[in-house]
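Me: I would like to go through some labels used for this model. Please show it first.

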Amino acid sequence: METQQLHRGRLIDHLQLVVMDLEASRRFYEAVLKALDVPMGGDGPGFFWADELFVSTARSPAAAGRLTGRHHLALQARDRAMVETFHKAGLAAGGRDHGAPGERPYHPGYYAAFLLDPDGNNVEAVFHGEARRSAPSVTVTF
């Protein structure tokens with residue numbers, strides 16, 4: 001077996017969305033993740049993944065034949081321009097506007113945009129303002 005590396009974020013190990021139309025979801029997520037500079041991880045029969053996000057059909061073994069409900073998924077952006085690029089890319093790829101790019105009252109500097117994906121999940125890109133991270137991600141090698 002070849003060595004593999006995973007890069008994980010701060011809190012979530014992974015999230016799975018079970019969708020009605022896998023290809024519509026693939027177009028949407030490829031566009032918004034590209035805008036956020038997150039590479040697609042791969043795909044298999046009835047699913048695709050990128051970083052901690054897995055998207056599958058209800059026919060995949062992990063879905064047990066059921067669609068997920070509507071969720072709110074917030075993705076980190078490096079700056080305001082990346083939030084704006086996310087919003088434009090998502091609209092062009094079939095997403096629906098759920099909040100144009102702009103400051104939000106959650107804390108000073110919170111700049112975000114919201115889209116509904118093809119299944120109605122609320123997908124947000126957020127820039128929290130200027131900050132310094134201790135590390136870009138946690139690297140897991142096995």
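Me: Why is Tyr 110 called buried?

Reply: Its relative accessible area is 10%. Buried means under 20%, exposed over 50%, and partly exposed in between (1.4 Å probe, protein chains only). So Tyr 110 is buried. This is a predicted model: local features need pLDDT of at least 70, side-chain atom pairs count only at pLDDT 80 or more, and totals for chains, interfaces and linings use all residues. Residues are numbered from 1 along each chain as its sequence is written, and side-chain values use heavy atoms, without hydrogens and water.

Me: Why is Tyr 106 called exposed?

Reply: Tyr 106 has 53% relative accessibility, so it counts as exposed.

Me: How many aromatic pairs does the structure hold?

Reply: There are 3 aromatic pairs. Rings of Phe, Tyr and Trp (its six-membered ring) pair if their centres lie within 6.5 Å; planes under 30 degrees apart count as stacked, over 60 as edge-to-face and the rest as tilted.

Me: What makes the pair of Trp 49 and Phe 54 stacked?

Reply: Their ring centres are 6.0 Å apart and their planes lie at 25°, so the pair is stacked.

Me: Why is the pair of Tyr 106 and Tyr 110 called edge-to-face?

Reply: The ring centres are 4.7 Å apart and the planes stand at 85°, so this pair is edge-to-face.

Me: Why is Trp 49 called partly exposed?

Reply: Trp 49 has 26% relative accessibility, so it counts as partly exposed. Phe 54, at 25%, counts as partly exposed too.

Me: Is Thr 57 buried or exposed?

Reply: Its relative accessible area is 6%, so Thr 57 is buried.
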